[in-house]
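User: Can you walk me through this one? I'd like the main points, quickly.
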Amino acid sequence: REAGRRTYIPVMSGENKLSWQVKDLIPNSEYYFRVKAVNKIGGGEYLELRNPIIAEDPKQPPDPPVDLEVHNPTSKSVTLTWKPPLFDGGSKIMGYIIEKLAKGKERWERCNDYLVPLLTYPVKGLEEGKEYQFRVRAENAAGISEPSRITPFVKAVDPIEAPKVFLAANLQSGLEVKRGDEIILEAHISGSPYPSITWLRNDEIVRPEEIKKRVTTYRRKKKVRDSIRADHGTFTIKVENDHGVAKASCEVNVLDTPGPPVNFVFEDVRKNSVICKWEPPLDDGGSEILNYVLEKKDNTKAEMGWVTVSSTLRHCKFHVTKLIEGKEYLFRVFAENRVGSGPPCISKPMTAKDPFSPPDPPNKPDVQDVTSSSMLVKWNEPKDNGSPIIGYWIEKREINSTHWARVNRNLVNALEIKVEGLLEGLTYIFRVCAENAAGPGKFSPPSDPKTAQDPIIVPGPPSCPEVKDKTKSSVALAWKPPQKDGGSPIKGYIVEMQDEGSTDWKKVNEGDKLFPTCECVIPNLKELRKYRFRVKAVNAAGESEPSPATSEIPIQDILEEPEIFLDIGAQDFLSCRAGTTIKIPAVIKGRPVPKTFWEFEGKAKTTAKVEATDTRSVIIIPECNRSHSGRYSITAKNKAGQKTVHIRVNVLDVPGPPKDLKVSDITRGSCKLSWKMPDDDGGDRIRGYVIEKRTIDGKAWTKVNPNCGSTSFVVPDLISGQEYFFRVRAENRFGVGPPAETIQRTTARDPIHPPDPPIKLKIGLVTKNTVSLTWKPPKNDGGAPVTHYNVE
């Protein structure tokens with residue numbers, strides 16, 4: 001893994017080796033490595049490097065420099081040139097060491113104090129007339145190389161000879177090479193002192209750094225490795241010393257594939273074809289363009305590849321057909337010469353569709369010159385959307401039909417058409433559509449209806465307007481239609497007004513905003529200002545003469561006392577069931593708009609909801625009960641006066657409980673119940689009472705009678721000695737109300753009172769001191785057995 005990443009990448013798996021060469025490393029990048037052993041059970045733990053390894057070649061001293069040459073010897077100096085070592089030892093060359101050896105000496109002397117960074121060096125301080133040999137060493141971070149080849153002895157004397165230069169014989173007619181081949185230009189040079197050499201291309205000095213150090217210059221030779229197309233041109237060698245200058249030139253042509261064509265454009269884009277056009281490459285690669293290759297690609301599908309449209313194009317233009325409408329395409333074109341195909345020129349995306357669309361719809365047609373059998377239909381030319389309009393289609397429809405019929409069989413080139421053969425009395429509408437190369441466009445809006453009839457005239461004047469209503473800023477007018485409509489229905493009316501003190505009449509509404517009926521409201525008038533008004537009728541022929549004008553009308557509010565109309569069946573009494581919603585709607589009239597409020601029994605009804613507008617007020621009481629029964633009042637008030645209307649509401653419900661329920665006349669088989677009528681009869685007559693009984697141990701109430709019409713009842717069929725509770729409920733037509741119940745229990749038994757006197761008292765045997773008496777028991781024992789008799 002790289003030192004900056006966390007993920008390891010496998011480089012070897014399954015090999016039974018103890019070493020492995022890892023390839024494809026990035027130079028100068030840091031890497032960690034790890035390895036683990038694997039057997040059939042699985043893998044063991046990883047052994048991992050603690051420190052990263054830098055991917056770099058091993059360093060060693062460089063090879064010796066090559067091609068050492070001596071130039072321009074003088075009595076004091078000489079110039080050395082050389083080429084760098086073929087191998088730098090894996091480390092950058094830091095510089096060079098130059099050494100000299102005088103003839104007759106055995107020890108080499110160093111000429112430079114510091115490393116020379118360049119490939120040339122002027123050796124100075126020579127002794128005139130002596131002969132010297134020279135050599136060069138290269139130095140990198142690993143050390144110093146072996147010395148270069150030793151030069152021949154050079155004598156330190158000043159030469160005297162004008163420079164001369166001749167190109168090699170094979171260069172006299174120029175040089176042609178293929179891209180990637182070497183350009184070798186060799187020249188024969190002479191002169192003393194030895195001339196300086198300058199190589200030029202197209203009159204500009206060729207410096208190795210300008211062409212990425214591919215240029216090697218010898219004393220008589222220039223070599224360009226891995227030539228590229230940009231290396232072509234006129235190469236000139238210029239030699240110069242103190243005695244003159246000489247030049248020699250050679251035309252060099254580097255053959256390469258041509259550059260990409262340029263300026264790829266589309267012409268005449270259609271839904272299924274397009275014309276592709278481009279210009280030749282700026283560089284033909286030094287050879288004539290033989291042909292072009294055009295390819296296309298469906299840009300909407302990434303998986304689709306390039307498809308050849310044509311590979312034998314001689315010209316820079318081609319009509320591509322069989323495209324699919326709506327698809328987006330890419331095109332590219334290659335130029336080919338005798339070397340091969342160059343890089344492509346790729347177009348921008350192109351969608352296969354017509355460059356224009358059908359025309360816009362014309363405006364609404366205008367129908368003129370109406371007769372009983374013909375009409376002249378006119379329209380304006382619409383936007384053509386990129387393609388000239390070639391004509392128009394016109395359709396007609398009778399107003400009561402749904403079918404449009406074509407008027408013209410062939411396209412109409414004009415902006416009007418006279419439609420003939422119409423049926424008198426029928427009303428027609430017309431519509432128009434334009435057509436261009438893309439086809440017919442949408443139809444225009446239909447024309448205004450026109451009836452096939454002879455020409456019409458303007459209508460007669462309406463009647464004089466009458467004032468129906470007015471406020472401090474408006475007036476409502478009404479009038480009667482003209483007696484003659486001029487043979488055409490009245491479209492509407494124009495109202496004109498004249499301000500107080502003015503003679504000019506101003507239109508209240510324009511002709512395109514006609515009042516459709518014989519009435520209107522004119523707003524935004526000035527209070528207390530006086531105006532006059534008149535009316536014109538409008539038909540298909542135009543405006544009529546104005547009606548007679550009104551007298552001056554002062555603009556002010558009309559005062560009307562409030563009026564209240566209760567919108568219910570009974571104007572003064574309303575009955576409703578308990579639990580329902582009470583709604584009392586009232587219609588309010590008055591000028592100005594009255595203010596309204598509701599009251600209940602003379603007080604504001606806070607629990608009720610009131611919905612009010614300028615002309616209507618409704619009081620709403622949801623889920624009413626008996627407490628809502630009473631008199632409701634609504635009051636309307638404005639500047640002209642005040643009006644109050646009352647309505648009595650009766651909320652109908654079941655009656656309340658009876659009062660003062662009492663039990664009397666108790667016997668062992670019956671008792672008497674009595675009570676008083678309820679305080680609240682529920683708003684309806686009490687039809688009767690329901691009496692129920694319950695034993696002290698029972699939970700259910702048993703009805704004693706179907707219905708009782710009075711306020712007392714004798715309850716029969718009691719069980720002697722049983723204790724009872726009783727209750728009574730009142731009933732009206734809305735149901736049975738809550739009960740009145742006895743609080744104390746009642747025991748079914750006869751009442752106890754003194755017995756009647758015994759009967760048939762008789763005197764029996766009489767003695768001197770006794771008497772015998774007999775009698776019979778009383779007829780009524782008083783409700784309890786006779787316990788004894790008292791005899792007196």
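Analyst: A word on records before we start: UniProt positions are given in the numbering used here, feature names are shortened, and annotations may be inferred rather than shown by experiment. This is a predicted model, where local features need pLDDT of at least 70, side-chain atom pairs count only at pLDDT 80 or more, and totals for chains, interfaces and linings use all residues. Residues are numbered from 1 along each chain as its sequence is written, and side-chain values use heavy atoms, with hydrogens and water left out.

User: Fine. Which residues does UniProt list for "domain: Fibronectin type-III"?
Analyst: The unreviewed UniProt entry lists residues 1–58, 64–159, 260–355, 361–454, 461–561, 657–750 and 757–792 under that name.

User: How much helix and strand is there over 361–454?
Analyst: Residues 361–454 are 0% helix and 39% strand. Helices (H or I, at least four residues) and strands (E, at least two) are DSSP runs, numbered from the N terminus. The end C-alpha atoms of that stretch are 30 Å apart.

User: And over 757–792?
Analyst: That stretch is 0% helix and 39% strand, with its end C-alpha atoms 13 Å apart.

User: Let's do strands. Is β12 mostly covered or mostly open?
Analyst: Mostly covered. β12 spans residues 131–140, and nine of its 10 residues are buried. Buried means under 20% relative accessible area, exposed over 50%, partly exposed in between (1.4 Å probe, protein chains only).

User: Which way do β9 and β12 pair?
Analyst: Antiparallel, over eight bridges, with β9 covering residues 95–102. Two strands pair if DSSP finds at least two bridges between them. Tyr96 stands opposite Ala138 in β12.

User: What about β12 with β13 and β14?
Analyst: β12 pairs in the antiparallel sense with β14 (residues 154–155) over two bridges. There, Tyr132 has Val154 as its bridge partner. β12 also pairs in the antiparallel sense with β13 (residues 143–144), again over two bridges. A two-residue hairpin joins β12 to β13, and Glu139 is bridged to Ile144.

User: In what order do the strands of the open sheet with β8 run?
Analyst: β7-β8-β11, three strands with antiparallel pairing. β7 (66–71) and β11 (120–123) are at the edges with a single partner strand each, so one side of each has no neighbour in the sheet. β8 (residues 78–83) pairs with β11 over four bridges, and Thr79 stands opposite Pro122 in β11.

User: How many aromatic pairs?
Analyst: 16. Rings of Phe, Tyr and Trp (its six-membered ring) pair if their centres lie within 6.5 Å; planes under 30 degrees apart count as stacked, over 60 as edge-to-face and the rest as tilted. Tyr724 and Phe726 are stacked, because their ring centres are 6.0 Å apart and their planes at 25°. Both Tyr724 and Phe726 are buried. Trp775 and Tyr789 are edge-to-face, 5.6 Å centre to centre and 65° between the planes.
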